[in-house]
Amino acid sequence: MRDLLRHRDFRLLLVGQTLSMFGDTAMLLTLGMWAKDLTGSNAVAGSVFAALGLPVLFAPLGGMVIDRFRRRHVMIAVDLGTAAAVLLLLLVHDRGDLWLIYLVAVLYGASLILFQSARSALLHTMLDEAQLGQANGSLSTVREALRLVGPAAGAALYAWFGGQATAVLDSATFLVSAAALAMMRVAEDKPTRQVGEPLRAQLSTGVRHLRSTPVLRAAVLVVVVAMLAIGLAESVFFAVVDEGLGKPVTYLGVLQVAMGVGAVVGGLLITSIIRRTGELRPISVGLGLVAVGAALSMSPSTVMVTAAMVCIGSGLPVSVVCITTLLQRRTPGQIQGRVFTTFEMLTGVPQVASIAVGAALVAVVDFRVLLAVMAAGLTAAATYAALRLRDDGASSELADVPPVDVDVPVGVHLAQQSPVVADEQQSPVVRR
């Protein structure tokens, strides 16, 4: 961590992101609680999170933007736009204004996809490859540590002053993040554009790269299965608090704190784990911890559910950091925007569908049944990851591969540069 903190641009990024992520952790929970209070419905509260995930359907379009412009400029524009969008919540006063909460959720979801994908690509440019796992782990640790204060602060601010106060706070954090990005000095090459490149070829670049790289193809399947399970959580944990523990909806803030404790532990450990084992093996362990958390959440005991949140909190950052680092290391720099956003789409659409299904089922199916389905799905994803996510020997020179020729499939082009990728047709990885 010391060498990263000596990096001026990373320090600025970390400061801006710390404040911005604090706003995120406060605001996203508030959106669900606000919808719940306006309607009294757990299903409606869960559907807000489904709206948050809808922009993944158009994620590859965002990837084109990220790869056509300097990533730092994209991030500044996204911060400023989101700061303005969040202030629409100042107009929400009663149930008739619920549509504004949905609108802000959609815009917020789009900003998260664009910003996080651009940030990952910027880190690839800004840091040495050996520092990527450490940087991802640091940002994840900060984000998850904020669960110790962010959700509780958001819930308290919402309870005392209403959702509008949380919206103003969140908007201000985006402005600070934009200012920190503007002060950075990172040198980014001007993106090259393929003149006359068909739109279809541009949009399919991410899919072709993921499909042609065996370990990334396996990672997509692992995350798809995990997201189908995790999506149910957005609605089911409202029922866990309400029906299982008999607590008010604001108690979710307390559970988020417990999740934050686990996340801090997982985030602090993952950097050293990646350094020792690489980014592949810990993925199954992280998903397994989340599966244990889902199973423990079926208990009517507050202590057991709190322990469940610690398990979930510790497992998620391990998996997320490892997957992010894997994508960064196995993707050429000039197509990282499209690859990251395509990965978001391929794995996010199942999550959105799962959230929608969960929102519909939570009103008619015992929440314990949904938790059991979650645990089973996550166990399957963890098992597949343990069996199939193996190091294929891909080296860091992929980051320096020349721009992809639009007339040559990505897999073929990379095969000309790397004998490892040329061998991918003989990989035992099972395709989805």
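Mentor: Start with contact, which means heavy atoms within 4.5 Å. Phe237 touches Leu252, Ser297, Met309, Ile312 and Leu371, not counting residues up to four places away in sequence. This is a predicted model, in which local features need pLDDT of at least 70 and side-chain atom pairs count only at pLDDT 80 or more, while totals for chains, interfaces and linings use all residues. Residues are numbered from 1 along each chain as its sequence is written, and side-chain values use heavy atoms, with hydrogens and water left out.

Trainee: Why is Gly293 called buried?

Mentor: Buried means under 20% relative accessible area, exposed over 50%, and partly exposed in between, with a 1.4 Å probe and protein chains only. Gly293 has 0% relative accessibility, so it counts as buried. Gly293 is part of helix H14, residues 281-296; helices are DSSP runs of H or I with at least four residues, numbered from the N terminus.

Trainee: Which residues does Gly293 touch?

Mentor: Leaving out residues up to four places away in sequence, Gly293 touches Ala308, Cys311 and Ile312. Its C-alpha atom is 7.5 Å from that of Ala307, 14 residues apart along the chain.

Trainee: Why is Cys311 called buried?

Mentor: Cys311 has a relative accessible area of 17%, so it is buried. Cys322, at 0%, is buried too.

Trainee: How many disulfides does a search of the whole structure find?

Mentor: A disulfide is a pair of cysteine sulfur atoms within 2.5 Å. The search finds zero.

Trainee: Why does Phe58 count as exposed?

Mentor: Phe58 has 55% relative accessibility, so it counts as exposed. Phe58 sits in the loop between helix H3 (42-53) and helix H4 (59-68).

Trainee: Where is Ser20, and what is it in contact with?

Mentor: Ser20 lies in helix H2, residues 8-39. Neighbours within four places in sequence aside, Ser20 is in contact with Asp170, Thr173, Phe174 and Ser177. Ser20 has a relative accessible area of 4%, so it is buried.

Trainee: What makes a nonpolar core?

Mentor: A nonpolar core is a set of buried Ala, Val, Leu, Ile, Met, Phe, Trp, Tyr and Cys residues joined through side-chain atoms within 4.5 Å. The largest one has 93 residues, and those with the most contacts inside it are Leu89, Ile101, Tyr108, Phe237 and Leu389. Helix H11 (residues 214-230) gives the most to this core, with 13 residues. Apart from this core lies another, of 26 residues, among them Leu4, Ile76, Leu127 and Val186.

Notes: Helices (H or I, at least four residues) and strands (E, at least two) are DSSP runs, numbered from the N terminus.
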